[in-house]
Amino acid sequence: MENKQHRKFMARAIQLAEKGMEKGCGGPFGAVVVKDGEMIGEGYNSVISLSDPTAHAEILAIREACRNLSSFQLEQCTIYSSCEPCPMCLGAIYWARPEKVFYACTRKDAAEIEFDDQFIYEELEKDMNQRQIQFEGLMREEALPIFKKWKEKPDKNQY
């Protein structure tokens with residue numbers, strides 16, 4: 001794909017970022033998913049309007065694209081994001097397996113407008129018992145048989 005096409009799709013992601021912000025839906029973030037030169041999913045941050053902390057632009061764009069493809073993976077797709085993805089979106093991107101991600105603003109740019117994810121990166125490096133939010137294991141022995149069933153399931157759809 002040529003640079004002109006990349007710029008067109010990034011411009012749409014930036015446009016979505018402004019649209020969502022102006023509507024009061026959430027922060028200034030937008031994203032689109034493209035396959036074979038066609039936009040198949042888009043979204044803007046809707047954390048406030050949907051009362052959903054997971055309603056980030058990339059997540060919403062990935063969900064729409066997957067619905068449109070009837071697939072849980074975005075093989076041969078490209079994601080355009082108005083900002084470097086946060087840790088949650090980065091995880092979703094890796095699970096979706098697109099071919100490439102383009103981003104406009106950096107996470108440092110986001111931190112300068114008070115969207116700082118650095119604490120999450122730092123939390124991930126800590127032992128579970130030293131994180132700011134308390135994590136405690138419970139009923140592992142009761143849950144392990146389901147994992148065993150999955151491992152032995154002959155008709156599972158591996159992903």
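Colleague: By class, how many residues in the lining of the largest pocket are nonpolar?
Modeller: This is a predicted model, and the answer holds for that model. In the lining of the largest pocket, four residues are polar and five are charged. The number in the nonpolar class is 13.

Colleague: What is the volume of the largest pocket?
Modeller: Empty space is found by rolling a probe the size of a water molecule over the atoms. For the largest pocket, the volume comes to about 350 Å³.

Colleague: Of the residues that line the largest pocket, which are the closest to its centre?
Modeller: The lining of the largest pocket is made up of 22 residues. Helices H2 (47-50), H3, H4 (87-96), H5 (107-112) and H6 (118-125) each give two or more residues to it. Closest to the centre are Phe 29, His 56, Cys 86, Phe 115 and Asp 117.

Colleague: How many charged residues are in the lining of the second largest pocket?
Modeller: The second largest pocket holds about 170 Å³ of space. Among the residues that line it are Phe 119, Glu 123, Arg 131 and Gln 132. By class, five residues of this lining are nonpolar and one is polar, while the number of charged residues is two.

Colleague: Is Val 34 buried or exposed?
Modeller: Val 34 sits in strand S1 (residues 30-35). Its relative accessible area is 1%. Buried means under 20%, so Val 34 counts as buried.

Colleague: How far apart in space are Val 34 and Phe 115, C-alpha to C-alpha?
Modeller: In sequence, Val 34 and Phe 115 are 81 residues apart. In space, the C-alpha to C-alpha distance between them is 26 Å.

Colleague: Which residues form a nonpolar patch on the surface?
Modeller: One member lies in the loop between helix H3 (57-69) and strand S3 (77-83), namely Phe 72. Phe 72 has a relative accessible area of 44%, which is between 20% and 50%, so it is partly exposed. The patch has about 360 Å² of accessible area together, and its members are Phe 72, Trp 150 and Tyr 159.

Colleague: What is the phi of Asp 36?
Modeller: Most residues other than glycine have a negative phi. Asp 36 is in the loop between S1 and strand S2 (38-44), and at 65% relative accessibility it counts as exposed. Although Asp 36 is not a glycine, its phi is positive, at about 50°.

Colleague: Is Glu 114 buried or exposed?
Modeller: Glu 114 is in the loop between H5 and H6. Glu 114 is not a glycine, yet has a positive phi of about 70°. Its relative accessible area is 74%, and since the cut-off is over 50%, Glu 114 is exposed.

Note on methods:
Residues are numbered from 1 along each chain as its sequence is written. This is a predicted model: local features need pLDDT of at least 70, side-chain atom pairs count only at pLDDT 80 or more; totals for chains, interfaces and linings use all residues. Side-chain values use heavy atoms; hydrogens and water are left out. Patches are made of residues with over 30% relative accessible area and no salt bridge: like charges are joined within 9 Å, nonpolar side chains (Val, Leu, Ile, Met, Phe, Trp, Tyr) within 5 Å. Accessible areas come from the Shrake-Rupley method with a 1.4 Å probe; for residues, only the protein chains shown count as cover. A salt bridge is a side-chain nitrogen of Lys or Arg within 4 Å of a carboxyl oxygen of Asp or Glu. Helices (H or I, at least four residues) and strands (E, at least two) are DSSP runs, numbered from the N terminus. Buried means under 20% relative accessible area, exposed over 50%, partly exposed in between (1.4 Å probe, protein chains only). On a 1 Å grid over the protein atoms alone, a cavity is a set of points where a 1.4 Å probe fits but cannot get out, and a pocket is an open set with protein on both sides within 12 Å along at least five of seven lines; lining residues have an atom within 4 Å of a point. Grid points are joined across faces, edges and corners, and a volume is the space filled by probe spheres set on the points. Ala, Val, Leu, Ile, Met, Phe, Trp, Tyr, Cys and Pro count as nonpolar, Asp, Glu, Lys and Arg as charged, and the others, Gly among them, as polar.
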